[in-house]
Amino acid sequence: MHNAKGLLGRIVRDKLWRIEYRRSFCSLKVTPEDLDNQVLVEGSGFSRTAILNRPPALNALTTHMGYRLQKLYKNWEEDPNIGFVMMKGSGRAFCAGGDIVSLYHLMKRGSPDAIREFFWSLYSFIYLLGTYLKPHVAILNGVTMGGGTGVSIPGTFRVATDRSIFATPETIIGFHPDAGASFNLSHLPGRLGEYLGLTGLKLSGAGMLACGLATHYIRSEEVPVMEEQLKKLLTDDPSVVESCLEKCSEVAHPEKTGVLGRFVFLKLGDTQLLPCFSHDTVEEIIDSLEIEASRRKDTWCSTTLRRLKETSPLSLKVALRSIREGRFQTLDQCLIREYRMSLQGTIGPMSGNFCEGIRARLIDKDEAPKWDPPSLENVSEDMVDDYFSALTATEPDLDLPIKLRESI
């Protein structure tokens with residue numbers, strides 16, 4: 001009887017622990033084993049697979065996950081018995097981004113050092129991945145958003161599926177496209193990067209393949225077969241890994257009604273919408289879209305306009321400048337600049353928009369954020385300049401091992 005009560009007590013405590021864990025990771029004392037289980041490892045022959053493992057949170061990234069990924073990937077890179085590395089997610093997501101709800105609570109508690117450490121750990125891993133010496137395959141079989149794009153896009157190969165959903169939705173929560181997004185988005189064809197970065201709207205797996213965010217496409221039910229084929233490889237040659245992926249992959253066409261059907265580089269739709277996102281300012285972009293919307297009565301135009309008008313005005317101007325700067329910078333330069341910006345957006349004088357965005361979208365869920373400033377005309381150049389500056393003259397920049405690793 002005593003043993004039964006003890007077992008019941010452990011079950012109850014375990015259930016309570018799991019409930020609290022889902023509410024706020026950063027508020028709990030967890031064991032090293034619990035933390036390590038956030039990134040699981042599969043080993044097979046000549047490859048290793050990192051599995052992002054927080055399915056209730058759509059595998060949202062934590063500080064510990066950033067450090068664990070760094071440790072694992074450095075060890076695998078140095079191990080001559082490992083030829084290539086894969087990454088995937090548990091459950092229905094690859095990775096929904098950083099754990100922004102935990103960040104919100106850290107901000108509310110006044111924990112700036114923990115916030116610094118969060119961005120430092122994840123951005124450092126992204127740089128490691130972008131300069132990785134071995135072939136890397138990211139299996140994007142589900143939600144791939146925000147920081148989830150950062151820990152996958154810089155790698156060698158990205159496999160999208162019919163379940164893939166790509167987005168960089170930071171502006172709708174009063175933040176900026178980060179985790180290398182200013183580099184990744186700025187190198188997309190046409191002005192697609194500006195569109196995705198400003199609106200935060202989604203792309204399908206087929207759309208990801210069409211614009212180059214994914215290198216291969218496969219139906220989700222075929223993913224286990226592809227994984228088994230990859231695990232049989234005994235190679236560190238990217239061309240051999242690529243050949244295996246090619247044999248498993250298939251052709252996919254983006255929806256003609258989607259954004260990619262609108263851009264001239266695919267020759268699928270209306271070429272007049274491309275110039276809308278090539279203008280110098282957010283105001284000019286919106287004016288151009290309004291002209292097109294009134295002339296065409298076009299659903300895509302009206303949806304895009306509605307999203308832009310729901311978004312933080314400061315974030316829109318910051319995102320546009322960030323993507324434009326990223327077009328002429330290397331990955332390490334983008335990450336160092338984004339680290340500066342992320343600190344401004346979370347612990348600097350302009351952190352209120354991020355708190356308000358998280359409150360409105362994820363905490364209270366009233367979908368009615370009160371942005372500051374409330375309109376584009378109230379966002380000054382000085383405000384945007386400040387967002388790109390260091391918190392203080394003595395604030396350290398993100399320290400990346402640039403001299404040891406060749407940046408892209």
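Analyst: Ala 179 sits in the loop between strand S8 (165–167) and helix H7 (181–186). The model is predicted. Is Ala 179 buried or exposed? Its relative accessible area is 5%, and the cut-off for buried is under 20%, so Ala 179 counts as buried.

A second residue can be set beside it. Lys 365 also has a positive phi of about 60 degrees and is not a glycine. Lys 365 belongs to the loop between H16 and H17. At 57% relative accessibility, Lys 365 is exposed, whereas Ala 179 is buried.

Pro 373 is placed between helix H16 (352–363) and helix H17 (381–387). The peptide bond that joins Asp 372 and Pro 373 is cis, with omega about 0 degrees. For comparison, most peptide bonds are trans.

Charged side chains come next. Asp 364 and Arg 359 form a salt bridge, with N and O 3.0 Å apart. Asp 364 is partly exposed at 47% relative accessible area, while Arg 359 is buried at 16%. Elsewhere, salt bridges with shared partners join Glu 42, Lys 88, Glu 227 and Lys 231 into one network.

Arg 337 and Glu 325 meet in a salt bridge of 3.4 Å, N to O. Arg 337 is in helix H15 (residues 331–347) and Glu 325 in helix H14 (residues 313–326), and the two are twelve residues apart. Arg 337 is buried, with a relative accessible area of 4%, but Glu 325 is partly exposed at 26%.

Arg 68 and Asp 36 form a further salt bridge, in which the closest N and O atoms are 4.0 Å apart. This pair joins helix H3 (residues 63–78), which holds Arg 68, to helix H2 (residues 32–36), which holds Asp 36, across 32 residues. Arg 68 is buried at 18% relative accessible area, and Asp 36 is partly exposed at 30%. The structure holds 25 salt bridges, and the pairs described here are among them.

Technical notes:
Residues are numbered from 1 along each chain as its sequence is written. This is a predicted model: local features need pLDDT of at least 70, side-chain atom pairs count only at pLDDT 80 or more; totals for chains, interfaces and linings use all residues. Side-chain values use heavy atoms; hydrogens and water are left out. Helices (H or I, at least four residues) and strands (E, at least two) are DSSP runs, numbered from the N terminus. Buried means under 20% relative accessible area, exposed over 50%, partly exposed in between (1.4 Å probe, protein chains only).
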